[in-house]
Amino acid sequence: MRGNGSPYWRRERMGAALSDAGRAATGATLIGPPRRAARPARWFTAHLGFEAADPGLARELAVGYAEALSLLRPELALGAAALSPAGAWHLAERLFCGAAGPDGEHCVDVAGHPGFHHAPGPGGLGWGDGD
Ligand SMILES: [Zn+2]
């Protein structure tokens, strides 16, 4: 009666596929592909802290920090940078304009700037109403 139970039956049936010779011949692996698809990338934010004498100077410093970080790490989304008083994230204000241009680019000038919007780069496109 030994060898008639389901564990033995399964082992004998899968023996050829699980043996080294069987795997080499068929190219089968013991590890199958994951059943779930990989999660898509999600959006995260980083918060930095610094001291400034007033909100105007804080905004100026924050713009400088964001621009410097975007030079070091181009994958950062500059348009997502925001400034808020410490501990008051619900009061965050955008640092950059981010207006969409005619070719799908976004304005990289500071929020509330006068004149044309400007695409990134030294020869970036300008658009909109300006003087
Ligand atoms: Zn703009």
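How many helices and strands are there in the protein chain? The protein chain has 3 helices and 4 strands, where helices (H or I, at least four residues) and strands (E, at least two) are DSSP runs numbered from the N terminus. Follow the chain from the N terminus and the elements come in the order α-α-α-β-β-β-β.

Bear in mind that this is a predicted model: local features need pLDDT of at least 70, side-chain atom pairs count only at pLDDT 80 or more, and totals for chains, interfaces and linings use all residues. Residues are numbered from 1 along each chain as its sequence is written.

**Colour by confidence.** pLDDT is the predictor's confidence in each residue, from 0 to 100. The protein chain averages 83, and 78% of the residues score at least 70. Select residues 6–18 next: that's helix α1, with the lowest mean pLDDT among the elements, 56. Then jump to residues 82–83, strand β1, which has the highest, 96.

**Into the core.** Now select Ala-66, Ala-81, Leu-83, Leu-95 and Phe-96, the 5 residues of the largest nonpolar core. Such a core is a set of buried Ala, Val, Leu, Ile, Met, Phe, Trp, Tyr and Cys residues joined through C-beta atoms within 7 Å. Buried takes 20 or more other C-beta atoms within 10 Å of a residue's own, exposed 12 or fewer, and partly exposed is in between, with C-beta atoms placed from the backbone. Of the 131 residues of the protein chain, 8% count as buried.

Click on Ala-66: beyond its neighbours within four places in sequence, it contacts Leu-78, Ala-81 and Leu-95. A contact means C-beta atoms, placed from the backbone, within 7 Å.

**Out to a loop.** Go to Glu-105, between β2 (93–94) and β3 (117–118). Glu-105 is partly exposed because 17 other C-beta atoms lie within 10 Å. Leaving out residues up to four places away in sequence, Glu-105 touches Ala-119, Pro-120 and Leu-125.

**Last stop.** Select Asp-129, in the segment after β4 (126–127). Asp-129 counts as exposed because it has 8 C-beta neighbours inside 10 Å.

Notes
Contact = placed C-beta atoms within 7 Å.
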